[in-house]
Amino acid sequence: MTSSTPILTVEGLRCSIAGQQVVEDVSFKVPSTGITAVLGRNGVGKTSTLRGLMGLIQRRGEIRLAGERIDGLPTYKIVQRGVGYVPEDREVFAKLTVAENLALAERQKNPRREFVAELFPDLVQRRDQMAGSLSGGQQQMVSVARALMNDNRILLVDEPTKGLAPKLVTEVADALAEASKIVPILLVEQNLEVVRRLAHGAIVISGGRVVHTGDATEILDDEDLTRRLLGVHTGAAA
Ligand SMILES: Nc1ncnc2c1ncn2[C@@H]1O[C@H](COP(=O)(O)OP(=O)(O)OP(=O)(O)O)[C@@H](O)[C@H]1O
Ligand SMILES: [Mg+2]
């Protein structure tokens, strides 16, 4: 991890859904540049952690954005402060066109239309196509593009490559690599090849707790740790 001031600091985060605790005690820091990965097996609380950070589920603990507490704020204020969220399963408006999906995401005077168009030439070509008729990978691009329209201070991106064909995994990873040049990203990702390529630091969650933090490559090179905490995938795949 870099030594610059963290953009996000999380201390003792606990989250619950319908009265049941799903995140037990999560603490970590996200550096102000590059991509930080959140790793862990299915159901350990990765998505809940992101949803807790966004104030979408009940949470306790200290969350600081560039040093300022945001854990008491409602979701819309967290969004206004510059936390962009790309949820699991994309959530594009299926019956709206690509252009309409992007237009609805613009919340500032000068949205980054050129940057987004350069990053996703495919979407420019398909601007009049219904988002619901795009491939999974293309829908994922729309979802990431929506978050990039605004000057966010950090993006929280949940499993962007899930269920995509290998070629599209590469395309989404390319887009995230480009995006990370202008905004730091906290990335939940189960494809360890993608993690190896993109992430600097990594946080490993197990049973609702952070059980390991460190350099992403070091974690992935630790066979015992990846087998125990991340399941069957290994860095040697593909
Ligand atoms: N809406 C819900 N109601 C009740 N329990 C839930 C709900 N959503 C998630 N959970 C539970 O919370 C725990 C953490 O789930 P979460 O979705 O955060 O895990 P995850 O690490 O993102 O998993 P995955 O890798 O499958 O995406 C799980 O035990 C899950 O069953
Ligand atoms: Mg999840």
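Which residue in E4 does Thr9 stand opposite? Thr9 stands opposite Arg64 in E4. This structure is a predicted model. Its chain has 238 residues, of which 42% are buried, and its secondary structure comes to ten helices and ten strands. A ligand, numbered 1, has a shell of residues that includes Ile17, Ala18 and Lys46.

**Overall form**

- The radius of gyration of the chain is 17 Å; a compact globule with 238 residues would have a value near 18 Å, so the two agree.
- Taken along the principal axes, the box filled by the C-alpha atoms is roughly 45 × 45 × 35 Å.
- Among contacts with a separation of 6 or more, 69% link residues 24 or more positions apart.

- Strand E1 covers residues 8-17 and runs antiparallel to strand E2, residues 20-30, with seven bridges joining them.
- Within this pairing, Val10 has Phe28 of E2 as its bridge partner.
- E1 is also joined by seven bridges to strand E4 (residues 58-65), again in an antiparallel arrangement.
- The hairpin of E1 and E2 has two residues between the strands.

- The residues around ligand 1 are Ile17, Ala18, Val22, Gly40, Asn42, Gly43, Val44, Gly45, Lys46, Thr47 and Ser48.
- Helix H1 (residues 46-53) provides the largest share of this shell, with three residues.
- By class, the shell consists of four nonpolar, six polar and one charged residues.

**Nonpolar core**

- In soluble globular proteins, nonpolar side chains tend to be buried together.
- The largest nonpolar core here has 67 residues, and those with the most contacts inside it are Ala37, Ala145, Leu156, Leu176, Leu187, Val195 and Ala202.
- Ala145 is in contact with Leu102, Val116, Phe120 and Leu123, when its neighbours within four places in sequence are left aside.

**Two residues with positive phi**

- Ala18 is not a glycine, yet its phi is positive, at about 50°.
- Ala18 lies in the loop between E1 and E2 and is one of the residues around ligand 1.
- Ala18 counts as exposed because it has 7 C-beta neighbours inside 10 Å.
- Glu159, likewise a residue other than glycine, has a positive phi near 45°.
- The loop that holds Glu159 runs between strand E7 (154-158) and helix H7 (166-179).
- Glu159 is buried, because 22 other C-beta atoms lie within 10 Å.

Notes: Residues numbered from 1 in each chain as written. Chains lettered and ligands numbered in written order. Predicted model: local features only at pLDDT ≥ 70, side-chain atom pairs only at ≥ 80, totals over all residues. Near = placed C-beta within 6 Å. Helix = DSSP H or I, 4+ residues; strand = E, 2+ residues; numbered from the N terminus. Nonpolar A, V, L, I, M, F, W, Y, C, P; charged D, E, K, R; others polar. Rg over C-alpha atoms; globule rule 2.2 N^0.38 Å. Buried ≥ 20, exposed ≤ 12 C-beta atoms within 10 Å, placed from the backbone. Contact = placed C-beta atoms within 7 Å. Pairing = 2+ DSSP bridges. Core = buried A, V, L, I, M, F, W, Y, C linked by C-beta atoms within 7 Å.
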